[in-house]
Amino acid sequence: MPEAPHMVDVWWRHAALFLSINAFSSIKKTAVIRKDNIFYLQELVQGFDQETAAVVMARLASLKMETEEAFDATRWLDRLLIHLCSKFGDYRKDDQSSFTLTPSFSLFPQFMFNMGRSQFVQVFNNSPDETAYFRMLLNRENISKAAVMIQPFSNSIFIRCTAFTSAIRCGLNFCGLDFVA
């Protein structure tokens with residue numbers, strides 16, 4: 001007889017706000033619980049799209065910053081990242097070097113770190129118009145373009161140091177990298 005899979009409770013909550021013609025509002029809340037197979041999490045991990053999740057989190061953080069009065073987006077993102085890593089990461093207690101994430105989650109912490117320090121969250125040194133413009137672009141662009149907005153990449157590096165470039169011309173190699181001068 002095969003062993004029964006481990007079942008867990010899965011909660012689904014929904015809240016809807018209704019406005020009547022007379023401008024009266026009412027909220028209808030629904031909660032559903034069902035038993036689910038724990039192996040569903042393995043399917044979730046295998047199909048996790050890091051870029052999409054990062055863009056959704058950036059859009060949600062942007063919305064919360066606009067609608068909630070005293071919302072600390074950096075702290076919120078850090079707490080969510082800690083929760084995700086504790087749920088899906090493998091580690092031994094009191095051993096920092098033992099922490100690993102599955103390959104489907106490997107870039108997500110970088111996205112979260114860069115998003116917490118991006119122009120969408122850190123609005124210092126930006127005018128309100130610039131902040132609104134960047135957030136509008138984040139919401140309008142597709143996933144791949146919005147992911148580049150969160151975590152930009154460089155495809156070339158320009159070095160303006162005469163000692164460094166002459167060392168490269170002499171054939172010296174820094175950091176194991178090969179440069180063409």
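Mentor: One term before we start: a residue is called buried when its relative accessible area is under 20%. Also keep in mind that this is a predicted model.

Trainee: Okay. How much of the protein is buried, then?
Mentor: Buried residues make up 23% of the 181 residues.

Trainee: And what's on the outside?
Mentor: The protein exposes about 14,100 Å², and carbon and sulfur atoms supply 58% of that area.

Trainee: How many helices and strands are there?
Mentor: You'll find seven helices and four strands. Going along the sequence, the pattern reads β-β-α-α-α-β-β-α-α-α-α.

Trainee: What about the largest nonpolar core, which residues touch the most other members?
Mentor: That core has 27 residues, and the ones touching the most other members are Met 57, Leu 77, Phe 108, Met 112, Met 115, Leu 138 and Ile 150.

Trainee: Which elements give two or more residues to it?
Mentor: Those are α2, α3 (73–88), α4 and α6 (143–150). Helix α3 gives the most, with seven residues.

Trainee: Let's pick one member. What does Leu 77 touch?
Mentor: Skipping residues up to four places away in sequence, Leu 77 touches Met 57, Met 112, Met 115, Gly 116 and Val 121.

Trainee: And Phe 108, is that one buried or exposed?
Mentor: Phe 108 has a relative accessible area of 5%, so it's buried. Phe 108 sits in helix α4, which covers residues 108–116.

Trainee: Who's in contact with Phe 108?
Mentor: Leaving out neighbours within four places in sequence, Phe 108 is in contact with Phe 48, Gln 50, Ala 53, Ala 54, Met 57, Leu 81 and Leu 84.

Trainee: I keep seeing Phe rings. How many aromatic pairs are there?
Mentor: The structure holds six aromatic pairs. One of them is Phe 48 with Phe 105, which is stacked, at 4.2 Å centre to centre with 25° between the planes.

Trainee: Where do those two sit in the chain?
Mentor: Phe 48 is in the loop between α1 (40–46) and α2, and Phe 105 is in the loop between β4 (95–100) and α4, so the pair ties together parts 57 residues apart in sequence. Phe 105 counts as buried because its relative accessibility is 1%.

Trainee: How are the rings of Phe 48 and Phe 108 arranged?
Mentor: Their centres are 5.6 Å apart and their planes are at 80°, so that pair is edge-to-face. Phe 48 lies in the loop between α1 and α2 and Phe 108 in helix α4, so this pair ties together parts that are 60 residues apart in sequence. Ring pairs link Phe 48, Phe 88, Phe 105 and Phe 108 into a cluster.

Trainee: Switching topic: what about Ser 62?
Mentor: Ser 62 is in helix α2, residues 50–67. Its relative accessibility is 2%, so Ser 62 counts as buried. Setting aside residues up to four places away in sequence, Ser 62 touches Arg 135 and Leu 138.

Trainee: Last one. Which residues form a nonpolar patch on the surface?
Mentor: Leu 17, Leu 19 and Ile 27 do, with about 360 Å² of accessible area together. Leu 19 is in strand β1, residues 7–19, and at 65% relative accessibility Leu 19 counts as exposed.

Technical notes
Residues are numbered from 1 along each chain as its sequence is written. This is a predicted model: local features need pLDDT of at least 70, side-chain atom pairs count only at pLDDT 80 or more; totals for chains, interfaces and linings use all residues. Side-chain values use heavy atoms; hydrogens and water are left out. Patches are made of residues with over 30% relative accessible area and no salt bridge: like charges are joined within 9 Å, nonpolar side chains (Val, Leu, Ile, Met, Phe, Trp, Tyr) within 5 Å. Accessible areas come from the Shrake-Rupley method with a 1.4 Å probe; for residues, only the protein chains shown count as cover. A salt bridge is a side-chain nitrogen of Lys or Arg within 4 Å of a carboxyl oxygen of Asp or Glu. Buried means under 20% relative accessible area, exposed over 50%, partly exposed in between (1.4 Å probe, protein chains only). Contact means heavy atoms within 4.5 Å. Rings of Phe, Tyr and Trp (its six-membered ring) pair if their centres lie within 6.5 Å; planes under 30 degrees apart count as stacked, over 60 as edge-to-face and the rest as tilted. A nonpolar core is a set of buried Ala, Val, Leu, Ile, Met, Phe, Trp, Tyr and Cys residues joined through side-chain atoms within 4.5 Å.
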